[in-house]
Amino acid sequence: MAANWKMNKLVREAEDYVARLLPQISDAREVDVAIFAPFTCLHAIARMTQDAPVLVGAQDFYYEDFGAFTGEVSAPMLKDVGAGAVIVGHSERREIFGETNEMVARKTTKAVSAGLLPIVCVGEIKEERDAGRMWEKVGAQVRAVFEYLDAGEIGGDALVFAYEPVWAIGTGEVASPEDAQDAIGKIRGLLGDLVGEGFAEEVRILYGGSIKADNIGEIMAQKDVDGGLVGGASLEADSFAKLVNGAKAVVE
Ligand code: PEP
């Protein structure tokens with residue numbers, strides 16, 4: 001269960017959140033928990049979660065290690081402040097900041113080689129879904145990752161995919177459990193074709209888009225859905241703790 005705080009929280013707020021969250025999820029060891037925080041909060045929360053089963057990650061990075069890339073942050077810099085994971089290709093990066101499939105593929109490849117777990121986001125916009133072109137879009141996004149990433153070199157635990165239909169992000173309009181399963185099942189099938197059945201079985205694929213405490217159970221119950229990437233409902237520690245414990249109830 002992954003929290004995406006987006007561009008929210010000052011360091012003090014991040015520390016308060018983690019202090020409130022940890023005791024509430026201490027019985028949910030079966031659930032892998034990650035917090036994707038702004039760069040400015042990473043150091044503080046990585047320190048606070050050193051002995052807790054919580055992975056701390058960034059929401060983006062650049063695929064070169066250093067150099068003349070004003071404003072960017074590299075994989076070694078993220079690792080230096082204690083991050084172990086990074087979101088790649090979130091739809092807000094793709095739609096607002098013009099990130100292309102090629103950039104997403106380069107970032108994914110770099111994250112894997114640097115030892116950061118990439119959460120690779122894919123998803124269609126509303127017009128594409130309405131026109132019956134969900135899979136044309138999502139399939140192409142998944143394929144593009146493997147134009148750079150040498151799948152022969154990695155296991156299914158080297159990366160995570162997140163299917164996030166753009167029309168469901170921050171809108172309150174959650175995909176039906178059947179639609180989430182349909183897209184995620186197709187992604188897993190494609191990974192089987194591209195990389196191999198063992199990889200496809202092992203790799204984790206999350207759903208993201210208006211997850212809340214009252215819909216997490218039915219989404220998580222879908223055969224191919226391994227977890228959730230959560231924006232709005234992850235901003236309060238109590239609410240995110242409910243999702244972690246909701247996921248625990250499903251995996252038990
Ligand atoms: C997200 O930003 O990845 C997301 C899924 O947001 P929300 O849960 O708010 O729809």
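The following questions and answers go through a predicted model of one chain, from its overall build to single residues.

Residues are numbered from 1 along each chain as its sequence is written. In this predicted model local features need pLDDT of at least 70 and side-chain atom pairs count only at pLDDT 80 or more, while totals for chains, interfaces and linings use all residues, and side-chain values use heavy atoms, with hydrogens and water left out.

Student: How many helices and strands does the chain have?

Tutor: Helices (H or I, at least four residues) and strands (E, at least two) are taken as DSSP runs and numbered from the N terminus. Counted in this way, the chain has eleven helices and eight strands.

Student: Why does the chain count as being as compact as a globular protein of its length?

Tutor: The radius of gyration is taken over C-alpha atoms, and the globule rule is 2.2 Å times the number of residues to the power 0.38. For 252 residues that rule gives 18 Å, and the chain is as compact as a globular protein of that length because its own radius of gyration is close to this, at 17 Å.

Student: What percentage of the residues of the chain count as buried?

Tutor: A residue is buried under 20% relative accessible area, exposed over 50%, and partly exposed in between (1.4 Å probe, protein chains only). By that cut-off, the buried part of the 252 residues is 54%.

Student: Among contacts between residues at least 6 apart in sequence, what percentage join residues at least 24 apart?

Tutor: Contact means heavy atoms within 4.5 Å. Of the contacts in the chain between residues at least 6 apart in sequence, the part that joins residues at least 24 apart is 71%.

Student: Which elements are included in what covers the buried residues of α2?

Tutor: Helix α2 spans residues 39-48, and its buried residues are Cys41, Leu42, Ala44, Ile45 and Ala46. The cover over these buried residues of α2 includes α1 (11-24), β2 (33-36), β3 (54-58) and α3 (75-80).

Student: What distance does helix α8 reach from its first C-alpha to its last?

Tutor: The expected span of a helix is 1.5 Å times one less than its number of residues. Helix α8 (residues 177-194) has 18 residues, for which 26 Å is expected, and close to this value it reaches 25 Å.

Student: Which elements are included in what covers the buried residues of α8?

Tutor: The buried residues of α8 include Ala180, Ala183, Ile184, Ile187 and Leu191. An α-helix has 3.6 residues a turn, so residues three or four places apart point the same way. The cover over the buried residues of α8 includes β5 (117-122), α7 (134-145), β6 (160-163), α9 (197-202), β7 (204-208) and α10 (216-220).

Student: Is Ser210 buried or exposed?

Tutor: Ser210 lies in the loop between β7 and α10, and its phi is near 60°, a positive value in a residue other than glycine. Because its relative accessibility is 10%, Ser210 counts as buried.

Student: Is Gly232 buried or exposed?

Tutor: Gly232 lies in the loop between β8 (227-230) and α11 (237-251), and its C-alpha is 8.6 Å from that of Lys212, which is 20 residues apart from it in sequence. Because its relative accessibility is 61%, Gly232 counts as exposed.

Student: How far apart in space are Asp80 and His43, C-alpha to C-alpha?

Tutor: Asp80 lies in helix α3 and, at 64% relative accessibility, counts as exposed. Asp80 and His43 are 37 residues apart in sequence, and their C-alpha atoms are separated in space by 8.6 Å.
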